[in-house]
Amino acid sequence: MTPAVEWAEVQGPVLRAYAHVPQAAYLWLQVTDRAAAKVWLTELLPEITTAAAGKQTTHVNLALTAAGMTALGLDGAVAASFGASFFEGMDAPHRALMLGDVGRSAPEHWAWGHQARTEPLHLLLMLFAVDEPVLEALVLRHQQGFEAAGLRLVKGMPERAAIPASGAEHFGFRDGVSQPLIAGSHQAARYKSAYRGGSIIAPGEFILGYANELGQQAATASVPAADDPNGILPALVDDPAGRRDLGRNGSFMVLRQLQQDVAGFWNYLSAEAARGGDISDAAATLLAAKLIGRWPSGAPLAVSPLADDPRLARKNDFGFALEDSAGLRCPVGAHIRRANPRDSVGASARDATTLSRHHRLMRRGRSYGPRLADLRQDDGTERGILFVALNANLERQFEFVQQTWLHNPKFGGLYAERDPFASIDDGAISRPFTIPAITIRRRLSGMPRFVTVRGGAYLFLPCVATLRYLAAR
Amino acid sequence: MQTALTVVTRIPEGQVEPLRAELDPARAAAGASLLDRFAALPTLHFACLFIADATLDLPACLVFEASVDGATGDFLDLLLAIAGSELDAIYRYCADYPESAGRQIAKAYLLRHDFGAATFFAGCPGRSVGEIRREAALHAALQDVIDGGTGAAANHAGDIMAAARAIRGNLPGSFSWAAEPPVRPFLASHGKAVVAALLGVIVLVLVLLARALTPIGLLLLLALPIGAFLAVLRWHELRDDAAQRQAPMPTMRVREVAIVEQESRPGRVQNHLASVTYVKPGAFRLATLKFVLRSIDVLGRLVYNRGRLGKATGIHFARWTLIDDGRRLLFMSNFDGSWESYLDDFILFASSGLTAVFSNTAGFPKTRFLVGGGARDEPRFKAFAVASQVPSLLWYSAYPDLTVGNIDNNTAVREGLSAELDMVAADAWLRRFAGGGPS
């Protein structure tokens with residue numbers, strides 16, 4: 001029996017998608033006066049929403065970069081012990097290569113988050129509200145305090161993002177359907193499906209300090225007991241030296257601004273549909289669904305291959321190995337199959353499921369920018385997704401999914417394809433996409449990039465005790 | 001037949017850095033030129049040169065690893081004919097190398113320092129470089145046939161048999177060789193039968209022994225040495241644990257940036273891993289290690305000869321080689337995909353074999369009865385893997401764009417050209433043009 005998660009310590013987004021507060025503001029802050037910022041943090045603490053809190057009209061959460069930790073006075077070596085990827089940052093040249101952030105998506109072109117060129121980023125204040133007026137009031141109240149708190153608002157990233165009422169991202173497809181459920185949480189208890197492989201994942205895959213799928217704890221950072229004289233932090237488990245644990249109940253957060261070329265996407269698909277002899281919008285939509293693996297409503301092609309079915313909009317208890325191993329319904333290279341292969345990539349369905357469970361992400365993204373009125377007519381306005389993912393091990397989870405599944409030309413036995421929504425810009429102009437069919441496959445070619453990375457950062461979403469410790473020391 | 005060549009030569013003190021510079025393909029040194037020469041060798045699958053650093057009283061060594069078709073002697077003849085001057089430029093930094101003494105003397109030197117492999121695993125046994133390349137071209141040509149009118153016409157007919165016929169019928173003339181089916185090596189197709197026969201012999205011997213010794217006598221005969229081995233093993237493990245207990249939990253693992261950059265280039269499909277570990281002292285550990293390595297070698301030839309080592313996929317060639325009279329263990333692998341996914345495969349699906357080997361080397365995570373724990377301890381195992389990896393200074397692949405899965409699929413595509421296809425087989429063959437095979 002694994003110990004219960006201390007939900008009152010864990011920040012809310014780890015457990016909840018906050019669908020009831022669709023409007024959000026993400027404010028990047030730079031610490032200019034450490035002492036004042038600590039006072040501000042002390043006063044902010046009661047407002048931080050934990051996973052134990054119920055639904056409210058507003059929620060407040062705070063994450064830190066490695067630079068933010070040192071800006072608040074934490075020793076650089078301690079921040080470094082949170083892990084190489086976190087400390088080096090998403091924009092480190094070798095990590096950018098690993099993530100496929102090259103060409104137009106390279107950090108050199110980012111609007112923010114390129115540490116060598118753009119403004120330093122320390123704290124990310126996340127404000128959520130039921131509607132826009134409530135959000136703006138909340139933002140205003142917080143913004144008024146920044147100057148006195150020694151905080152500077154850093155511009156560059158879109159500050160507002162929302163879960164659209166339709167649930168669909170800008171291309172027009174429901175997003176965020178497949179989410180892991182944390183074992184022991186109320187959502188997992190409600191989940192009735194006995195589907196093989198399921199989606200109930202050990203807490204340690206998302207929250208530091210608990211057993212993960214291998215029955216082990218992810219690496220954490222700690223400080224000597226002498227640095228925590230008031231005993232704010234929990235003790236490091238099984239440590240004879242009595243060090244205090246900074247990571248426990250925290251989670252690593254991936255933040256990426258992914259710009260979407262909506263008109264480019266639909267114009268390409270219409271052209272490809274026409275090349276296949278069908279100029280109808282339905283034919284373009286079918287191709288789009290093949291690229292994504294779900295219909296606009298969210299219904300998975302693996303379950304509903306021929307037409308959209310809104311009754312299956314949130315369907316998530318399905319696999320590929322038995323239903324669709326050849327990809328006749330959902331192509332092997334489709335986005336949802338690459339991002340979470342479920343039971344399909346491994347020596348057997350069982351092994352494949354074990355593998356997938358080892359590489360899950362809790363996604364908390366939202367859309368930014370206005371909807372495009374005519375999907376095939378670009379309006380020159382930027383729009384996209386603020387991609388947010390939470391995990392306990394950046395290398396084994398986020399970076400692995402990006403490198404080994406999304407960008408891997410050989411994924412699932414393919415030869416030279418990439419995720420259709422991959423932001424990687426490697427100069428290839430005719431990246432193919434194979435759609436298996438009877439009698440013979442169809443191959444799309446000349447697919448342009450539809451997604452460009454405009455900025456990104458690795459953060460840590462610490463527990464309440466760690467925030468209190470940072471404010472007090 | 002594929003062979004492992006592992007030439008290990010001592011580098012005298014003071015020569016390591018000049019040699020490293022000579023190997024650097026980024027500089028216009030012998031290394032860059034050698035890479036070009038490798039490409040002209042029709043029997044070379046993979047090659048790598050790396051340096052095992054000097055540690056304690058063990059000298060720095062240059063390791064030249066090659067996976068080749070045919071005998072190593074024949075390969076060296078070719079290599080020396082094509083790249084004699086490059087090898088001279090590199091090996092003159094090594095001890096006792098007979099520089100400019102002629103090909104035969106250089107060949108004798110290299111053969112004398114060939115340590116081969118205690119364990120050699122091939123993911124595509126019996127497939128020659130030439131066949132692998134030709135079958136890849138065949139697959140690509142047939143994909144073009146499908147993209148041309150033929151495939152579309154066949155699809156329009158909606159008839160599986162007609163589609164297969166149309167594709168086969170439009171095979172470009174330059175691929176007429178492909179009408180001949182590939183030859184699978186004997187053990188790859190009959191390995192299971194050999195295993196069954198061996199098991200049969202063992203059972204027969206046991207039955208005869210039981211008659212001669214009475215069943216209880218046989219039981220004692222078997223149980224006593226095994227029990228004694230396990231007891232001594234456990235004693236060693238507990239002693240090793242006590243020695244390692246004080247070592248702190250590795251909270252961070254930092255891989256060398258240069259290695260990560262090299263492995264992460266966009267479009268990079270295969271990677272190389274070279275590691276140097278130190279065998280724990282004592283005859284017991286060395287004997288156990290040798291037995292385990294031999295066992296995995298035999299299993300790889302008899303059972304795991306269809307592209308998978310246990311459940312780990314995507315390994316083209318892997319080997320373990322013992323050097324310095326069994327004091328250092330080299331591990332070299334040419335594999336598909338990222339380092340992170342390679343290690344994960346081992347942790348999740350092949351930890352026992354890996355643990356049985358590396359638990360006999362220093363610094364490996366706590367192990368129980370040779371196969372338990374060890375590599376399952378992800379943070380400590382990855383820290384061990386990071387600490388033991390050395391940069392693959394010069395690495396060559398004859399077919400850098402192909403995974404083991406691609407190679408197998410291409411061979412199966414070729415087999416489909418000459419096989420009698422019924423409806424089910426024709427459908428399966430047509431699916432081979434849509435990916436979806438094992439990753």
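The contact between the two chains takes 55 residues from chain B and 49 residues from chain A, where contact means heavy atoms within 4.5 Å. This is a predicted model, in which local features need pLDDT of at least 70 and side-chain atom pairs count only at pLDDT 80 or more, while totals for chains, interfaces and linings use all residues. Residues are numbered from 1 along each chain as its sequence is written, chains are lettered from A and ligands numbered from 1 in the order in which they are written, and side-chain values use heavy atoms, with hydrogens and water left out.

**The interface**

The size of an interface is often given as the accessible area lost when the parts come together. Between chain B and chain A the buried area is about 4,100 Å², and carbon and sulfur atoms give 59% of this area; the value is the accessible area (1.4 Å probe) that two parts lose on being put together, summed over both.

Across the interface of chain B and chain A there are 15 residue pairs in polar contact, both residues being at pLDDT 80 or more. A polar contact is a pair of N or O atoms within 3.5 Å; within protein, one must be able to donate a hydrogen and the other to accept it, and residues adjacent in sequence count only if both atoms are side-chain atoms. On the side of chain B that touches chain A, α11(B) supplies the largest share, seven residues. By class, that side of chain B has 20 nonpolar, 18 polar and 17 charged residues. Here Ala, Val, Leu, Ile, Met, Phe, Trp, Tyr, Cys and Pro count as nonpolar, Asp, Glu, Lys and Arg as charged, and the others, Gly among them, as polar.

**Salt bridges**

A salt bridge is a side-chain nitrogen of Lys or Arg within 4 Å of a carboxyl oxygen of Asp or Glu. Over all chains, the whole structure holds 48 salt bridges, and three are found across the interface of chain B and chain A.

| Residue pair | N to O distance |
|---|---|
| A:Arg441 and B:Asp147 | 3.2 Å |
| A:Asp379 and A:Arg383 | 2.9 Å |
| B:Glu135 and B:Arg127 | 2.6 Å |
| B:Asp240 and B:Lys280 | 2.8 Å |

B:Glu135 is buried at 0% relative accessibility, and B:Arg127 is buried at 2%. In chain A, A:Asp379 is partly exposed at 38%, whereas A:Arg383 is buried at 2%.

A network of salt bridges links A:Glu205, A:Arg396, B:Glu340, B:Asp344, B:Glu378 and B:Lys382.

**Covered elements**

Helices (H or I, at least four residues) and strands (E, at least two) are DSSP runs, numbered from the N terminus. In helix α13 (residues 378–388) of chain B, nine of the eleven residues are buried, including B:Glu378 and B:Lys382. The buried residues of α13(B) pack against elements of both chains, among them α12 (395–406) of chain A and α11 (339–349) of chain B.

Strand β16 (residues 451–461) of chain A has ten of its eleven residues buried, so this strand is largely enclosed by the rest of the structure. Strand β10 (residues 251–260) of chain A runs antiparallel to β16(A), joined by ten bridges; two strands pair if DSSP finds at least two bridges between them. In this pairing, A:Ser251 stands opposite A:Leu461.

Note on methods: Buried means under 20% relative accessible area, exposed over 50%, partly exposed in between (1.4 Å probe, protein chains only).
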